[in-house]
Amino acid sequence: MKKLLLSLTIIAAGFAANAQELALDQNPNYKVSMDKYLAVQTSPVTTMNTTVQDTYKAYDWRTAKDEKKAERRAERRENRLFNNYNNRYYDPYNNNRNYYGRPNQYNNYNGWRW
Amino acid sequence: MKSIFTLLTLSAFLVLASCSHKVSRIDPAETPDISGTWNNTDSRLTAEAMINQSMTDKWLSEYVQAKGKKPVVIVGMVTNKSHEHIEAETFMADLEKSFITTSKVGLVQSGKKREEMRSEKADQQTNATVSTLKKFGLEKGADYILQGSINSIVDSYKRKKTVTYQINLELTDIQTNEVVWIGDKKIAKYVKN
């Protein structure tokens with residue numbers, strides 16, 4: 001009987017202590033949320049006191065024009081390089097030989113034409 | 001012949017002078033607009049507006065009246081959702097400075113700087129003398145968190161463009177989630193190329 005009374009007292013004291021922890025009007029389930037956010041506590045630290053850059057690209061007529069121009073230029077250059085390599089041919093009549101059949105010293109032609 | 005030589009020398013000097021790289025100091029308060037993008041003047045105007053609004057708004061007097069002490073603020077995140085790269089720290093630092101210089105608002109460290117503080121404290125636990133080491137668990141808890149956002153609206157056609165920036169700062173009660181103050185600054189620009 002004594003033991004039962006003691007354990008009941010301990011349980012009651014525990015409840016009382018728990019009840020004392022709650023502030024006025026505090027949600028009794030606050031611990032659920034507290035435990036959840038304590039587990040991820042370190043994640044906001046990296047963004048605090050910083051500027052998170054979440055920018056978008058605004059349409060600007062001038063920038064768009066410049067970009068299109070640069071794109072066309074790059075495309076033309078790429079095509080030129082590709083086509084030149086594939087469309088080259090050997091010109092036997094202009095193979096960088098002078099009148100005497102010796103290599104022309106004034107340019108680097110080797111007979112391959114673009 | 002002599003005059004031609006002088007003229008040539010002078011013109012050569014002028015050509016060389018125009019090609020040279022030149023740097024000069026200017027007053028930070030009078031930064032000229034060059035490209036039309038966000039610049040120092042915008043940052044300064046935002047800082048001035050935010051300082052003025054936050055220091056004169058009723059949230060401060062109400063807190064002091066209710067609690068009998070100055071509020072403590074922690075700086076949170078500012079999200080830049082505009083079309084340009086804007087670093088909010090330039091005007092946020094001015095605002096933080098005003099909190100401290102006016103002694104009306106307390107400020108606690110946040111983010112990576114706070115982590116560094118704690119790291120230093122941890123280091124002191126094993127390396128500093130007992131009389132000088134700083135203890136854990138004695139930091140000042142902030143009453144409010146300052147968060148913000150930067151937005152922009154761009155309207156452009158051919159060589160004309162209007163850009164409107166809207167900077168918002170919000171002060172929220174950490175205990176109750178109640179927003180007690182919202183500061184805003186709108187900057188509109190007309191750019192003609």
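Q: Which residue in β3(B) is the bridge partner of B:Val73?

A: In this predicted model, the bridge partner of B:Val73 is B:Tyr144. That pair belongs to the six bridges that join β1(B) to strand β3 (residues 144-157) of chain B, and these two strands run parallel. As a general idea, the side chains in a regular strand alternate between the two faces of the sheet.

Q: Which strand is joined to β3(B) by 14 bridges, and do the two run parallel or antiparallel?

A: Strand β4 (residues 160-173) of chain B is joined to β3(B) by 14 bridges, and the two run antiparallel. One pair to locate is B:Ser152 with its bridge partner B:Tyr165 in β4(B). The two strands form a hairpin with two residues between them. In the turn, B:Lys158 has a positive phi of about 50°.

Q: How many bridges join β1(A) to strand β1 of chain B?

A: Three bridges join β1(A) to strand β1 (residues 72-80) of chain B, and the strands run parallel. Within this pairing, A:Thr51 has B:Val78 as its bridge partner.

Q: How many residues does the contact take from each chain?

A: The size of an interface is often given as the accessible area lost when the parts come together. Here residues are counted instead: 17 come from chain A and 26 from chain B. On the side of chain A that touches chain B, β1 (51-53) and α3 (61-87) each supply at least two residues. The largest share of that side, three residues, comes from β1(A). The residues of that side divide into seven nonpolar, six polar and four charged.

Q: In what order do the elements of chain A run from the N terminus on?

A: The order is α-α-β-α-β-β, which comprises three helices and three strands. Of the 114 residues in chain A, 4% are buried.

Q: At what angle do the axes of α2(B) and α4(B) cross?

A: Two packed helices are described by the angle between their axes and the distance between the axes. For helix α2 (residues 40-56) and helix α4 (residues 89-102) of chain B, the axes come within 8 Å and cross at roughly 35°. The crossing is right-handed. Among the residues making the contact are B:Ala47, B:Met50 and B:Ile51 of α2(B) and B:Phe91, B:Asp94 and B:Leu95 of α4(B). The contact residues divide into six nonpolar, six polar and one charged.

Q: Why does helix α3 of chain B lie largely in the open?

A: Helix α3 (residues 58-67) of chain B lies largely in the open because the number buried among its 10 residues is zero. B:Gly68 follows α3(B) and has a positive phi, near 75°.

Conventions:
Residues numbered from 1 in each chain as written. Chains lettered and ligands numbered in written order. Predicted model: local features only at pLDDT ≥ 70, side-chain atom pairs only at ≥ 80, totals over all residues. Axes fitted to C-alpha atoms, helices over the stretch in contact; angles between N-to-C directions. Helix = DSSP H or I, 4+ residues; strand = E, 2+ residues; numbered from the N terminus. Left-handed = near helix turned anticlockwise from the far one by under 90°. Contact = placed C-beta atoms within 7 Å. Nonpolar A, V, L, I, M, F, W, Y, C, P; charged D, E, K, R; others polar. Buried ≥ 20, exposed ≤ 12 C-beta atoms within 10 Å, placed from the backbone. Pairing = 2+ DSSP bridges.
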